[in-house]
Amino acid sequence: MKFKKTYLLYILCLVVLLFNNYELTFSVWSISALITLRSNFSKQFIYIISCFIAILLISFLTELFFYERAIFNKVRDVTYLLKPIIGLILGYNLAKKYGNNTLIYIINCGVFLSIIHLVIILYSILAYKALSVSEIRHYGGYFNDFEPYVFILILFSTKFNIAISRKKRLIYLIIVATSILCYLSRTNFIQLIILILAVKGYFSLTIKSIKIIVFTILATLIGYTLIYNYNPKRKGSFTDEFLYKVKIIPIEAFKTKINKEDWKDFNDNFRSFENIKTVRQVYYRGTQAVISGKGLGSTVDIGLNMLNNDQTRVRYYPFLHNAFSTIFLKSGLLGIIFYLLSIYLISKKMVSNNIQINNLNNLLLGSGMFLIISSWVFMGFYLKLDSKSILIGLLLGYREYLKKQSVNSKEIIPTSEINTQS
């Protein structure tokens, strides 16, 4: 298969997410993974995939031995739990086919999607007069983990040996940065900060890195204090709406007591409400549920019908905003251990003297750190309409490709040419 065909395949796997249809996404990703399937994987990649297979297997066995649920619910959960496995394998396969073109392909896809996003935003403003934070996010999307990676690759193109002209680099940076800003996502801003610090090597323990990290933390605390004292209104101006969302970051997903009769408290802290309900309902089932979860098809009873992003009312939630809570529900503490292990393995550096490989090590370390946050607020690898798993698979596969190229390029001096004179 030629690069052009697999390039279009990657674009298709990203564009299909815009249709907001998980069944279609799962079908396209599965077929693409089969088309690009390889027979050889590295040990580290097999270990990463095995963690997600273990989560699925624990959920399956738990349901098989301790519970009995409708076949539809079980099949639905299987497709959800397979998503990171398929995405990682697909990305890994594509990287091995793209070779040296891997990163530039990622950038081109990201710029293409950014343009589509900006067109959607512009159309929503002109056609629907969408001028508030909530309306813009409703039409244009709530966040995008892929575009910040593209921004980082363009910004640090020299570190990743990406051949791109200065003019094109500037244009691409403006397009992608504008698109990221239009998501108005706090998570994306945090992601950018983490990835920039990671690529710069500031997560290595040095005097300089400690100073940078301390400065970043202090700047963040001062900024947050200013926003808190400004006391932005929940339904105020455009700026107030966004700053209000920033203000509630420290408690939104961590609050332990929520008054569901207070609409404001309930709506602002719904992620925490989900977590509280999940932990209580799992603990109610006893030791077995805490250790291995409630299995495939399990749900959390929120207690009332809630309107979700698909504009349908749901009371029993099969998957939550928090990936850790979701895994705890399906496969208990065992599942959480395997999930954390997968993040550790993704972050683990590949020993090499190759500068580009070391820069990829830093990017993947930053990815692992961000995955902790992403998993807490936005489902991590398990978010239905997100391409993070393909991207991580691409980076892992490309790093291995570079390692192999580096080994093959070393000169092997023939024995006959070795000077044996004493």
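The model is predicted. Its largest nonpolar core holds 104 residues. The structure also holds seven salt bridges.

**Nonpolar cores**
- Within the largest core, Tyr10, Ile106, Phe146, Phe160, Tyr339 and Leu363 touch the most other members.
- Helix α4, spanning residues 71–98, gives the most to this core, with 11 residues.
- A second, separate core has nine residues, including Val133, Cys182, Ile227 and Val246.
- Leaving aside residues up to four places away in sequence, Tyr339 touches Phe52, Ile55 and Ala323, among others. Its contacts also include Met379, Gly380, Phe381 and Tyr382.

**Helix α8**
- Helix α8 runs over residues 166–183 and has 18 residues.
- From first C-alpha to last, α8 reaches 26 Å, close to the 26 Å expected.
- Among the buried residues of α8 are Tyr172, Ile175, Ser179 and Cys182.
- Helices α5, α6, α7 and α9 are included in what covers the buried residues of α8.
- Leu184 follows α8 and has a positive phi, near 50 degrees.

**Salt bridges**
- Glu63 pairs with Lys74, with the closest N and O atoms 3.7 Å apart. Glu63 lies in helix α3 and Lys74 in helix α4, so the pair ties together parts that are 11 residues apart in sequence.
- Glu63 counts as buried because its relative accessibility is 5%, under the 20% cut-off.
- Arg76 and Asp77 form a salt bridge at 3.2 Å between the closest N and O atoms. Both residues are buried.
- Arg76, Asp77 and Lys330 are linked in a network of salt bridges.
- Asp386 and Lys388 meet in a salt bridge at 2.8 Å, N to O. Asp386 is buried at 6% relative accessibility, and Lys388 is buried at 2%.

Terms used: Residues are numbered from 1 along each chain as its sequence is written. This is a predicted model: local features need pLDDT of at least 70, side-chain atom pairs count only at pLDDT 80 or more; totals for chains, interfaces and linings use all residues. Side-chain values use heavy atoms; hydrogens and water are left out. A nonpolar core is a set of buried Ala, Val, Leu, Ile, Met, Phe, Trp, Tyr and Cys residues joined through side-chain atoms within 4.5 Å. Buried means under 20% relative accessible area, exposed over 50%, partly exposed in between (1.4 Å probe, protein chains only). Helices (H or I, at least four residues) and strands (E, at least two) are DSSP runs, numbered from the N terminus. Contact means heavy atoms within 4.5 Å. The expected span of a helix is 1.5 Å times one less than its number of residues. A salt bridge is a side-chain nitrogen of Lys or Arg within 4 Å of a carboxyl oxygen of Asp or Glu.
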